[in-house]
Amino acid sequence: MARAFKDPSEIIDVIQEHLPVLYFVFGRAKTEELAVELGKQWDFLNYDEKQQVRQIIKEAEAEYPDMFIHRDRAVLRKLLEQGIGYHHAGLSPALKRIVEHLYESRLIWVLFCTETFAAGVNFPAASAVFDSCRKWDGREFRQLLNREFFQMAGRAGRRGFDEQGYVFILINSDFPEDTGFFSEKKVEMVQGRLTVSPNTVLSLLMWKSDHEIEHFLESNFSAFQKRRRLQETNQKISEYKNTIDGLNKHFCAQRESVSCPLTRKKLKRELKKLKSRRYRQRPGSQTRIREIEELLTSLKKKKCKKVSCFDAARTIRDTSNKLDFLQYKRKQLIAEANRYTTDFYNMRDLLERLGYVKGREFFPRGRFALYLHIQEIFVTELVFSGLIEELPGDVVAGILAGVDYTPGRREYVQAPPYDIEPINKLRAELMQLGVPGEHLVWSPVPGYIAYAWYNGEDFEHLLQNSNLQEGDLVSVIRREIDLLRQMEKAAAENHVLLAKLQGIRRTLDRDQVKVLF
Amino acid sequence: MPQAGKENVVDMKEMKSKQRKKIRGRSSRTYVHKKRPVRKPALKTLSPEPVKLDKFQAEAIEAVLDGRNVLVAAPTGTGKTLIAERLAEKVLREGRGLVYTSPLKALSNQKYSDFKKMFGEQQVGLVTGDITINGDAPLTVMTTEIFRNKCFEDMEDLANIAYVVFDEIHYLDDPHRGTAWEEAILFAPPHVKILGLSATVPNVKEMAAWIGEVRACEVLVVEERKRAVPLEIMWISPDNELLSKSQAKRKVEKLSARFDSEMEQHKSKDKKKFYNYRSK
């Protein structure tokens, strides 16, 4: 095994009073590795329970005979008979369901799983283990949020069974500083996350009045929050200003003259700076030094209770620093509060330039994009370039699979047998017209999967021609079905196109990729 | 498949040679007896449904049956869905409709199955991006995105809807998908009441205030901080000791300090090399 990791059976030794356990791991491969490792040392089920597991698997296999054939899933079957399981998004829907079913039947004592399990299955265990507290969020590895942690940890503790739910966090000897310390008091606030997509703009222009659009831009949650923060900031700013004004009254009339100890101190500090090696050579330094020296000798130091003056001056300095920061923050808040309006008009301008709308008037492209919810611009252009209607069904299926798809780092799929050049050309043209890259996300990678599936190849063929896992293959096809349904709604008036899209969808929606209940 | 057969033969040969090597490597074959768990004496069977309602459940149920907008914040596993189920019963009895939105397709499918068992196949529907079953049913489970789209495209479909339930409404905070929740709340037809179910978050009241402002209505906040089963968090050191929070913090400090000092040593060695090089 490439990477050294902590032996899970040692951990189970420690926590064996608190089984069954959900063992959270961030990484699909690792759930499998750990499960195999534990299986070498532990067997949790007695004879009767093993028989039960075999029976359940047998029944499921009658329906899905190839469940345990693909990849290394035969190992999983053996592990399940020992009361050990793993669960992640790469498993086929049928396999996921059987693992969930066994877990809910209390026949799995240790389940290695990823975060998706905690979100999707509403069934508690006696305890939860966190192998690590860092997760991949699509862009980077980061520490779990308190909210995420407690969402997962909350699966520990069975009502009516356990007096307490136990959560165990492992300290990694190589990365001790990554150890998580979470607190329910520090759970993060919910922030508004509105985004202005092409569909948002089109939908607003089509179905909502000017008043409603304004409402949308100015009353959304983040604008609401920004407004609240702005109020708080304004209040604090005026508080600080009052403090400063109040303190300024404290000084005597000679505050500005050289006789005041405060002024003298300030001048002396400047003098010291100017005389330092770094400054004394600079032009103007010498004149200023002479000036200050003259000033200091011109008047005598006033005798006064300077201590309180010094305190006041320090407070003023601190407060005005804080004030500067708040004023900067206020500027930011005002800019951010207006962000949505700017976003909206930018997007509308882009759509006008591309010939989707003009004011509230809709052109064919605009009417089409209105019913799309991912990569609206790219898909619309794909349709209006005529490619979808010209190309054969299998090629279209392949191309559409890549919409909004970003392949993983080590993903391998058989290269598609059709030409992808026209698509790249189209994207380059759109890029030139000023369409931002985020609206042109497309990848040729999953193409072959949908292409082959459309042509009636079996699931095994897809697995042999890619290194994706069963669950990923299913999700490629299901995503495409989702997109096809959107496009069908958009193409309602174009009967030829509609028939073609429906045909593709019905051909794809079969066998292993069908939705299970 | 003849080719696959050939591959298998090669595999078997390889396997056998590997096995032989393994056996030669060891002096004798040992079988490790697998460890068995300590079984606790017969666990109490879980009563199928907690008959008595918790206080927060009772409060929230009373409020929704009264037709109010409610935001419930409670930890996972405290029985928030029960509130939605009671509401669904009432709405269906009155011959009106209810939309139940959930953040994940898998959850929608599961909820659909649950509701089907509870209310019968005729009454329940499911609409997600890639599947529609009985879409005109009075009780429809949807992903939030679908409900959001309906608020623009098919407002007339929602004419008879009395309530929309947002399960896991704190998904509002999701950087990619949160926008669907926001748009849905902003544009759900005014006659539709809202029941939001959220994990515990510090600013539920702010969320409620916002919903109240944009929908021009009152929103009741029902909060429960206590878990159904209290949690005890512990840490496990690299030497498999169970540690409390303070012990764990000390351990982490110690381990990181060891690292730092090792790093320092490396650095100072490098420095020496560097100076030597310079002096030459």
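How many salt bridges are there between chain A and chain B? The count is eleven, where a salt bridge is a side-chain nitrogen of Lys or Arg within 4 Å of a carboxyl oxygen of Asp or Glu. One of them joins Glu206(B) to Arg229(A), with the closest N and O atoms 3.2 Å apart.

This is a predicted model, in which local features need pLDDT of at least 70 and side-chain atom pairs count only at pLDDT 80 or more, while totals for chains, interfaces and linings use all residues. Residues are numbered from 1 along each chain as its sequence is written, chains are lettered from A in the order in which they are written, and side-chain values use heavy atoms, without hydrogens and water.

Contact (heavy atoms within 4.5 Å) involves 92 residues of chain A and 84 residues of chain B. The buried area, meaning the accessible area (1.4 Å probe) that two parts lose on being put together, summed over both, is about 8,000 Å², and carbon and sulfur atoms give 55% of this area. Arg159(A), Phe181(A) and Phe517(A) supply 10% of the area that chain A buries against chain B, more than any other three residues.

The side of chain A that touches chain B divides by class as follows.

| Class | Residues of chain A |
|---|---|
| Nonpolar (Ala, Val, Leu, Ile, Met, Phe, Trp, Tyr, Cys, Pro) | 37 residues |
| Polar (the others, Gly among them) | 27 residues |

Strands are DSSP runs (E, at least two residues), numbered from the N terminus, and two strands pair if DSSP finds at least two bridges between them. Leu170(A) stands opposite Ile236(B) in S9(B).

Conventions. Helix = DSSP H or I, 4+ residues; strand = E, 2+ residues; numbered from the N terminus.
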